[in-house]
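Please find below a note on the structure shown here. It is written as numbered points for a reader who is new to structural description.

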Amino acid sequence: MSAEESGEEPYFIGRKEDIIQAKRVTKFLNGRDILVVHHDGKFYAMDEHCYHAGSSLENGDIEEFNNKLCIVCPKHKYKITLAEGEGIYKATNPKEKNSAARWFSKGIKQRVHTVMEVNGDIFVKISEVCRFIESDYYQTEEFRQEKSACVSDESQS
Ligand code: FES
């Protein structure tokens with residue numbers, strides 16, 4: 001297995017200027033669907049499929065919530081911080097009478113990856129965090145088979 005196949009080396013994504021123009025790029029790298037986003041002068045990379053139910057985050061709006069820049073999943077509007085992959089939500093505490101809604105964290109739910117710039121080229125280094133992160137499920141062959149079965153069911157109906 002080459003260093004690139006092992007996920008140890010960063011993967012070339014594209015020319016910086018091209019990605020800035022495109023704003024979002026998806027790539028299949030080392031068995032993962034990755035989304036690279038350029039927003040307000042910064043690059044971010046994360047698993048493309050949302051940790052909640054696997055929808056693509058490619059067209060998710062980017063908004064700030066609780067001072068954190070988030071991508072909002074188009075499917076059910078879950079909010080995921082771009083930098084950390086943290087799931088956040090706003091709610092009231094049912095145990096507190098007349099409490100105002102406030103932000104809560106679900107912890108890290110979406111695997112994020114490291115973006116590097118070298119001489120005007122953008123590279124992504126795949127996260128090597130060993131523990132299971134919920135978006136990992138949507139990078140498995142099991143999910144890909146489920147997804148393609150759904151697509152073929154829909155096309156037959
Ligand atoms: S699939 Fe993303 S919020 Fe449900």
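1. Residues are numbered from 1 along each chain as its sequence is written.

2. Confidence. The predictor's confidence in each residue, pLDDT, runs from 0 to 100. Its mean over the chain is 91, and 92% of the residues reach 70 or more. Residues 1-7 stay under 50, and the model has 8 contacts for them beyond four places in sequence; a contact requires that the C-beta atoms of two residues, placed from the backbone, lie within 7 Å. Where pLDDT is low, the predicted coordinates should not be read in detail.

3. Overall make-up. The chain contains 2 helices and 11 strands, arranged along the sequence as β-α-β-β-β-β-β-β-β-β-β-β-α. These elements are DSSP runs numbered from the N terminus (helices: H or I, at least four residues; strands: E, at least two). The C-alpha atoms fill a box of roughly 60 × 45 × 30 Å along the principal axes.

4. The sheet of 6 strands. This open sheet has the order β1-β11-β10-β4-β3-β2, with antiparallel pairing; two strands pair if DSSP finds at least two bridges between them. β1 and β2 (24-29) stand at the edges with a single partner strand each, so one side of each is left without a neighbour in the sheet. Neighbouring strands are turned by 30° against each other on average, direction ignored; the axes are lines fitted to C-alpha atoms, and angles run from 0 to 180 degrees between N-to-C directions.

5. Strand β11 and its partners. β1 (residues 11-15) is joined to β11 by 4 bridges, and Gly14 stands opposite Ile122. β10 (residues 112-118) pairs with β11 over 5 bridges in the antiparallel sense, with Met116 and Phe123 as bridge partners. In the hairpin of β10 and β11, 2 residues lie between the strands, and Asn119 takes a positive phi near 50°.

6. A residue is buried if 20 or more other C-beta atoms lie within 10 Å of its own, with C-beta atoms placed from the backbone. Of the 157 residues of the chain, 25% count as buried.

7. The core. The largest nonpolar core has 24 residues, and Val124 and Tyr44 are among those with the most contacts inside it. Such a core is a set of buried Ala, Val, Leu, Ile, Met, Phe, Trp, Tyr and Cys residues joined through C-beta atoms within 7 Å. The elements giving two or more residues to this core are β3 (32-39), β4 (42-47), β6 and β11. β3 and β4 pair over 6 bridges, and Val37 has Tyr44 as its bridge partner.

8. The sheet of 5 strands. A further open sheet has the order β5-β6-β7-β8-β9 and antiparallel pairing. Its edge strands, β5 (61-65) and β9 (102-108), pair on one side only, and its neighbouring strands are turned by 40° on average, direction ignored. Within this sheet, β6 (residues 68-72) and β7 (residues 79-81) pair over 3 bridges, and Val72 stands opposite Lys79.

Note on methods: Predicted model: local features only at pLDDT ≥ 70, side-chain atom pairs only at ≥ 80, totals over all residues. Buried ≥ 20, exposed ≤ 12 C-beta atoms within 10 Å, placed from the backbone.
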